[in-house]
Amino acid sequence: MQKELETMEFEGTAGGEAVKIVVTGKKQVVNVELKTEVVDPDDIEMLQDLIMAATNEALRKIDEYHDTKINGISGGVNLPGVF
């Protein structure tokens, strides 16, 4: 299951998909896409917030996928040492 997770990609978006981040199951960012309308030199803080929100969403999806797989394998029983 670990190998499968490491090869997968998870996407997070923010700002109505104006910012899209793709992260691998190894939690490495592999792609960042920004729509031109969110690149405002007078509002860098908003862009930073959108990038952070999209990245956190992608990372949350990894954790959700992991938890779903572990619960499916263990039947909800906590398995020490698994991830």
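Asp-63 is partly exposed, at 36% relative accessibility, where partly exposed denotes the range between buried (under 20% relative accessible area) and exposed (over 50%), with a 1.4 Å probe and protein chains only. The structure is a predicted model, in which local features need pLDDT of at least 70 and side-chain atom pairs count only at pLDDT 80 or more, while totals for chains, interfaces and linings use all residues. Residues are numbered from 1 along each chain as its sequence is written, and side-chain values use heavy atoms, with hydrogens and water left out.

Asp-63 forms a salt bridge with Lys-27, with the closest N and O atoms 3.3 Å apart; a salt bridge is defined as a side-chain nitrogen of Lys or Arg within 4 Å of a carboxyl oxygen of Asp or Glu. Asp-63 belongs to helix H2 (residues 44–74) and Lys-27 to the loop between strand E2 (19–24) and strand E3 (29–34), so the pair ties together parts that are 36 residues apart in sequence. Helices (H or I, at least four residues) and strands (E, at least two) are DSSP runs, numbered from the N terminus. Lys-27 is itself partly exposed, with a relative accessible area of 47%. Lys-27 also has a positive phi of about 65°, although it is not a glycine.

A positive phi is likewise found at Glu-17, where the value is near 70°. Glu-17 is located in the loop between strand E1 (9–14) and E2 and, at 51% relative accessibility, counts as exposed. Most residues other than glycine have a negative phi.

Lys-61 is partly exposed, with a relative accessible area of 29%. Elsewhere, salt bridges that share partners join Glu-11, Lys-20 and Glu-33 into one network. In the bridge between Glu-11 and Lys-20, the closest N and O atoms are 3.8 Å apart. Glu-11 is partly exposed at 34% relative accessibility, and Lys-20 is partly exposed at 22%.

Val-29, Val-32, Leu-34 and Val-39 make a nonpolar surface patch of about 320 Å². Such patches consist of residues with over 30% relative accessible area and no salt bridge, in which nonpolar side chains (Val, Leu, Ile, Met, Phe, Trp, Tyr) are joined within 5 Å and like charges within 9 Å; accessible areas come from the Shrake-Rupley method with a 1.4 Å probe, and for residues only the protein chains shown count as cover. Val-32 lies in strand E3 and is partly exposed, with a relative accessible area of 44%.
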